[in-house]
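Thanks for making the time this morning. I would like to walk you through one structure, going from the overall picture to a few charged side chains.

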Amino acid sequence: MDGIASDVAVGVKRTSDDLLSGSLYNSPNSSVTANGSDSKKLRVEDSMDSPPSRVIHIRKLPNEVSETEVIALGLPFGKVTNILMLKGKNQAFLELGTEEAAVTMVNYYTAVTPQVRNVPVFIQYSNHKELKTDSALNQRAQAVLQAVSAVQEGGSPSSDTARDGVLTPAPSPVLRIIIDNMFYPVTLDVLQQIFSKFGTVMKIITFTKNNQFQALLQFSDPVNAQQAKLSLDGQNIYNSCCTLRIDFSKLVNLNVKYNNDKSRDYTRPELPAGDGQPPVDPAMAAALSKDSTSLLGTPSGMVTSYSSAGALPSSLGAISPLSAAAAAAAAAGRVALSGHSGGSGVLLASNLNDEMVTPQSLFTLFGVYGDVQRVKILYNKKDSALIQMADGNQAQLAMSHLNGQKMYGKIIRVTLSKHQTVQLPREGLDDQGLTKDFANSPLHRFKKPGSKNFQNIFPPSATLHLSNIPEDVTEEDLRLLFSNSGGTVKAFKFFQDRKMSLLQMSTVEEAIQALIDLHNYDMGGGHRLRVSFSKSTI
């Protein structure tokens with residue numbers, strides 16, 4: 001059997017214990033059957049009751065999967081010390097540096113189904129305490145592992161692996177990140193949570209260029225940037241969207257002037273927020289300056305705390321740090337989790353003020369959190385309405401932000417509806433204007449992928465963000481306009497050359513009322529006032 005191929009395990013007539021013991025790989029004279037029809041199938045450790053081991057068994061990998069993709073599954077949890085690819089069986093064994101790292105990995109993937117090339121894979125402990133492999137039968141995998149190990153330890157990969165295109169020395173600690181197919185918001189905090197799994201994140205600057213959300217992110221060491229690029233390039237943050245495209249930047253250092261939602265220097269928590277931007281909480285800044293992974297904690301602990309509250313779906317379709325970031329962001333009320341659609345995009349809003357509420361007012365308020373398609377106020381119960389959002393994620397987002405808020409003097413209740421769509425009235429039937437179709441409305445905020453609106457979704461607050469203000473409009477004009485909506489303006493501040501402003505009402509209820517009344521208000525000269533909730537205070 002001297003001519004046996006590197007994927008000889010396909011035809012091995014042994015149990016998995018025999019397969020991985022030293023006998024097969026360490027003895028060239030072992031009796032091996034190369035005929036697949038005679039072979040016994042590899043025994044799968046299908047019980048999660050197996051005792052913890054630093055060797056992880058990965059099953060149902062897609063065809064042609066690369067060693068790099070398998071290593072990437074374990075990389076966020078610690079050092080990967082060995083790998084065995086069984087390509088003919090679509091399986092692999094991954095050995096981590098410590099049992100603790102393996103426990104964290106398995107616990108995490110128990111709650112969040114990992115995917116490789118959008119295919120779910122299965123991860124569990126192996127019965128083996130260590131992985132013994134013969135590099136002669138596993139050459140490609142070993143070459144990749146050596147390259148990754150060299151980077152993890154701060155060295156440089158050998159010339160052979162560099163020539164093979166596996167890994168080259170990192171030219172810069174700064175990564176340039178582009179988000180493709182951005183249908184859901186990606187914030188600076190989400191990026192920090194994702195990338196901090198690979199090292200200390202020093203600085204982040206986010207911006208929009210060519211209608212694409214982009215970021216520059218600086219690690220403390222080029223080695224960390226290399227690891228992050230290796231693991232994250234091409235991965236989706238959410239199911240089938242928000243794809244990370246990562247390159248090294250030509251810059252080697254970022255100059256951050258402000259700490260706010262658009263830029264952050266974690267080494268200098270004392271930086272100002274800048275005009276019109278919400279400041280970073282000092283306690284949060286201090287924590288981040290000490291430990292850039294503090295927002296996530298351990299992946300397994302994070303999943304336990306969030307999944308118990310129902311915030312985390314069983315499968316996010318992303319590798320571990322991405323899923324963790326999505327869950328953390330959702331728990332913070334910033335974004336909706338893809339894959340947890342609640343069955344439909346239809347919401348039931350109840351305890352409405354039936355004398356005041358209209359389909360238009362519900363469209364405007366719920367439209368802050370998604371693109372409202374249809375609204376129906378129930379004919380026989382006019383204090384209730386069905387609101388159809390563009391998808392289940394937007395419905396989740398609207399429900400989490402608006403349930404329990406006060407609208408027209410009443411605390412509204414928002415829940416997911418059992419209905420899949422909102423039916424329009426039959427042709428010729430007068431339903432007193434209780435149903436309205438907004439599918440083609442020009443006022444949808446999130447129709448355009450990559451829109452800046454995705455980055456500015458906040459809970460209802462007393463402070464409103466105003467934009468598209470004409471040049472000749474004064475502070476007094478805006479104060480008067482918003483006072484006429486029935487509330488009291490407590491504070492006001494122009495910024496961005498007076499094209500934008502922050503305006504603070506005395507209560508959140510007053511701000512909700514003002515947004516409903518004045519979003520898209522005609523200011524003259526083709527200017528329609530845009531009103532959103534802000535995280536800032538004045």
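Predicted model: local features only at pLDDT ≥ 70, side-chain atom pairs only at ≥ 80, totals over all residues.

Residues are numbered from 1 along each chain as its sequence is written, and side-chain values use heavy atoms, with hydrogens and water left out.

The protein has 15 helices and 25 strands, these being DSSP runs numbered from the N terminus (helices are H or I with at least four residues, strands are E with at least two). Of its 538 residues, 52% are buried, where buried means under 20% relative accessible area, exposed means over 50%, and partly exposed lies in between, with a 1.4 Å probe and protein chains only. If we take the contacts with a separation of 6 or more, 69% come from residues 24 or more positions apart, a contact being heavy atoms within 4.5 Å.

Helix 12, residues 359-366, deserves a look, because 7 of its 8 residues are buried and it is therefore largely enclosed by the rest of the structure. Among those buried residues are Pro359, Leu362, Phe363 and Phe366.

Turning to charges, the structure holds 9 salt bridges, each defined as a side-chain nitrogen of Lys or Arg within 4 Å of a carboxyl oxygen of Asp or Glu. One of them joins Arg54 and Glu95, at 3.4 Å from N to O, and this pair links distant parts of the chain, with Arg54 in the loop between helix 2 and strand 1 and Glu95 in strand 3, 41 residues apart. Arg54 is partly exposed at 25% relative accessible area, whereas Glu95 is buried at 6%.

Glu67 and Lys87 also meet in a salt bridge, at 3.5 Å from N to O, and here Glu67 lies in helix 3 and Lys87 in the loop between strand 2 and strand 3, 20 residues apart. Glu67 is buried, with a relative accessible area of 5%, while Lys87 is partly exposed at 42%.

Finally, where does Asp472 sit? Asp472 is in the loop between strand 20 (463-467) and helix 14 (475-483), and Asp472 is exposed, with a relative accessible area of 63%.
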